[in-house]
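Thanks for coming. I will keep this short and stay with geometry.

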Amino acid sequence: MIHRKARGRSGEGCTPSLAGLRAFWLVALAVVLLPACSPQPESGSQGASSAEQAVVADEEAGLFEAPEIDYPEPLAPLGMIDAREQISLNGDWNFIVDPMCGGCLGAPFGSFSENRPGGGMNLVEYDFESAETVRVPGDWNTQQERLFFYRGPAWYYRTFEIDLNDPDTERILLHFGGANFLADVFVNRTLVGRHEGGYVPFSFDITEVLAEGVPEDGKHFVIVRVDNELGDATVPTGRTDWWPYGGLTRDVSLVRLPNAHLRNAKFELLDAGDEGEGASVSVAVTTSGIAQGTAVSIAVDELGIAATATVGTADRATTTFTADLDLWSPDQPRLYDIKLSTPGGDQLTDRVGFRTIETRGHAILLNGKEVTLRGISTHEEPIAETDRDHGVMFERRQARRVLEEAKALGANFVRLAHYPHSRHMAQLADEMGLLLWEEIPVYWNIDWHNPATLAIARDQMARLVERDWNRPSVIIWSFANETPVSPARMRFLEELADTVRERDQTRLLSAALLGDIRKDMETLVPKLAARALLRDDLEPEDRAVYEAVAQAAGDAASADAIITLVVSDPLEELVDVLATNEYYGWYYSVLIAKSLGVSEGSVRRTMLSMMPDMRLTAAANKPLFVSEFGAGATAGTRSKELDIWSEDYQAAVYHAQIAMLEASPQVAGMSPWILKDFHAMLRPLRGIQDYTNRKGLIAPDGQRKLAFDVLREFYTDK
Ligand code: GCU
């Protein structure tokens with residue numbers, strides 16, 4: 001039961017008697033008074049009272065200058081969200097695009113979040129009720145043609161009803177599965193908080209706001225300003241090789257909770273015993289509003305477990321139990337139903353699996369046995385694009401289709417690049433028996449010196465780990481992709497490694513490294529020149545260059561030697577698995593052709609023939625994982641001459657890559673780039689890419705390319 005309080009509209013008494021004021025005084029007065037008229041964070045919701053003080057009337061403020069606001073922080077992730085009773089807010093929301101932030105806090109005549117009713121003599125220049133609608137969850141880019149490239153702020157609005165008299169409802173949380181990439185959340189005109197960082201869940205306690213009563217027009221309403229503009233200080237930055245889909249891209253719901261409730265729980269296999277016989281498991285529970293000394297019950301009926309954990313300090317309760325259990329693996333994805341319950345009647349349920357993952361030298365061991373990761377990388381787009389399935393995936397059936405295609409490849413591993421995918425992916429991978437790599441978008445050139453940037457990355461890492469730490473399919477946390485080497489980058493990534501380790505000691509840490517391409521080219525070029533000279537299809541001018549290179553290189557220019565490339569990066573001390581993205585057969589040919597002044601075709605054809613004699617190794621005595629290799633192909637383009645962009649050339653690169661990696665003993669697995677073509681603003685080539693990265697094994701319409709079968713044959717013959 002939530003008790004109401006008498007309350008007028010926020011910002012009452014702000015309407016100055018403007019009668020007789022000339023227009024420019026009107027604006028000046030509005031600007032001066034404005035801060036007092038902006039929606040006030042409600043006292044009582046996570047430090048909102050300090051936010052009320054923090055709105056500083058600044059007569060120096062220019063028009064549209066946002067006031068300084070101390071935004072209330074979201075709550076720590078609510079675990080096992082699917083176990084919670086929720087009122088879904090999915091569906092059509094009213095939607096206003098606001099490219100110049102004309103309705104943002106600080107706007108001269110008030111923010112859109114005030115939701116001023118129009119009509120009569122009231123001047124309003126926006127109206128949510130009559131605005132267009134977009135579907136939630138979902139990105140806005142693919143819901144309207146004119147929004148495909150849009151990067152900026154937009155406003156979402158919808159009303160909702162909730163029974164505050166329900167005796168079991170003492171707290172109400174407004175929960176978002178994710179919002180790209182910044183969300184300011186208002187309920188009944190009150191700012192309840194801000195979350196920055198896409199892809200991860202967050203929630204706000206809106207109990208007090210709702211207790212203030214229903215606004216004058218008779219309905220509770222939620223307004224969210226979402227901004228998908230990215231910049232140098234965001235995570236990721238404004239330059240990514242995937243589409244910056246914006247909006248409320250994941251489920252939105254109201255969650256009913258008792259005051260005394262369970263927040264999350266982590267099940268951890270401490271010791272597998274003898275292949276699960278006599279295994280020991282720890283359970284760490286976080287609670288809210290539950291008195292110290294309270295016993296939380298933990299039941300795993302199929303194992304005959306009925307344990308208790310007593311709430312101690314810091315709202316935590318821990319216990320361990322032993323049981324004879326079946327370990328989880330891709331071949332035997334054994335899951336157990338668990339139930340947590342409190343004397344007050346709160347309950348959490350989940351399906352968890354138990355397995356071990358570790359490394360030993362160059363090997364990755366799953367349940368103590370060496371495993372080769374036969375993987376594929378994927379972005380979060382549906383396999384076959386249709387009018388219904390496009391943009392960011394958010395439905396379970398779409399996630400299942402992606403994992404089914406991975407299974408069809410014969411894969412046992414999927415790299416969920418480059419950001420947290422929806423919770424459905426790991427839940428389904430648990431059921432279907434696939435191992436996962438999960439990652440946050442610390443991608444390319446991040447602002448390593450910026451504490452605010454680090455805070456976003458740490459928040460994304462923490463929320464991802466606390467969402468999926470009970471998923472046995474997740475075996476690798478990755479905190480970076482192709483980040484340039486520097487001391488500041490190391491310090492930043494060490495912080496992220498700590499963020500993981502504070503929460504989860506049981507999974508492997510990795511990061512896709514860029515490698516030292518310059519050093520690799522120095523190793524390769526003399527040998528490539530020697531091999532090129534064996535070809536009979538060289539143009540005379542190319543031959544002359546290769547002869548000069550080979551002559552200058554002397555013995556290094558041997559045409560039949562096995563070529564060993566060594567992956568090294570300062571990160572190798574920090575990670576458990578050394579991952580590298582390498583594009584032999586695709587990008588490097590451009591660099592070599594440019595540096596030598598020879599035709600790119602001669603480099604490509606020589607490289608393809610040379611790759612089976614190349615070996616990848618790593619300086620560190622750790623497993624080496626090839627997190628990306630690939631080549632682009634426009635589905636349906638065929639070429640006996642192996643012209644690039646043809647399916648034949650892409651297939652040839654896969655054959656050469658597989659020959660190289662299969663002969664590289666330190667390589668413990670691979671996740672080629674990428675399962676399906678995906679939208680990318682960096683890929684404008686008209687008629688071939690059309691703003692789509694074509695390295696997929698599957699075309700946007702779901703059609704498999706030749707290389708799909710090349711990889712499938714390699715994986716299924718193993
Ligand atoms: C990089 C990067 C990917 C990108 C890919 C490509 O390695 O990690 O995000 O899409 O190469 O160039 O296609």
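I will go through the salt bridges, then the ligand, then the pockets and cavities.

First, the ground rules. This is a predicted model, in which local features need pLDDT of at least 70 and side-chain atom pairs count only at pLDDT 80 or more, while totals for chains, interfaces and linings use all residues. Residues are numbered from 1 along each chain as its sequence is written, and side-chain values use heavy atoms, with hydrogens and water left out.

Salt bridges, then. The term stands for a side-chain nitrogen of Lys or Arg within 4 Å of a carboxyl oxygen of Asp or Glu. By that criterion the structure holds 52.

One of them joins the side chains of arginine 415 and glutamate 439, at 3.2 Å from N to O. This pair links distant parts of the chain, 24 residues apart: arginine 415 sits in strand β22 (residues 413–416) and glutamate 439 in strand β23 (residues 435–439). Helices (H or I, at least four residues) and strands (E, at least two) are DSSP runs, numbered from the N terminus. Arginine 415 and glutamate 439 are both buried. Buried is under 20% relative accessible area, exposed is over 50%, and partly exposed is in between, with a 1.4 Å probe and protein chains only.

Arginine 518 and glutamate 522 form another salt bridge, at 3.0 Å from N to O. Because they are four residues apart in helix α8 (residues 517–532), about one helical turn separates them. Arginine 518 and glutamate 522 are both exposed.

There is also a network of salt bridges, linking Arg458, Glu466, Glu495, Glu502 and Arg503.

Now the ligand. Which residues come nearest to it? Of the 14 around it, they are Asp241, His418, Glu482, Tyr587 and Glu628, where near means a heavy atom within 4 Å. A polar side-chain atom of glutamate 482 lies 2.3 Å from a ligand oxygen. For tryptophan 673 the corresponding distance to a ligand oxygen is 3.1 Å, and for tyrosine 583 it is 3.3 Å.

Next, open space. The second largest pocket holds about 580 Å³. Of its 37 lining residues, Met80, Ile81, Asp82, Arg423 and Gln427 are the closest to its centre. Helix α5 gives the largest share of that lining, five residues. By class, the lining has eleven nonpolar, 13 polar and 13 charged residues. Here Ala, Val, Leu, Ile, Met, Phe, Trp, Tyr, Cys and Pro count as nonpolar, Asp, Glu, Lys and Arg as charged, and the others, Gly among them, as polar.

As for method, the search runs on a 1 Å grid over the protein atoms alone: a cavity is a set of points where a 1.4 Å probe fits but cannot get out, a pocket is an open set with protein on both sides within 12 Å along at least five of seven lines, and lining residues have an atom within 4 Å of a point. Grid points are joined across faces, edges and corners, and a volume is the space filled by probe spheres set on the points.

How many cavities of 30 Å³ or more does the whole structure have? The search finds four. Of the 15 residues lining the largest cavity, Asp520, Val567, Thr580, Glu582 and Tyr584 are the closest to its centre. The second largest cavity has a volume of about 50 Å³, and its lining includes Trp242, Trp243 and Arg250.

Note on methods: Polar contact = N/O pair within 3.5 Å; in protein donor to acceptor, adjacent residues only side chain to side chain.
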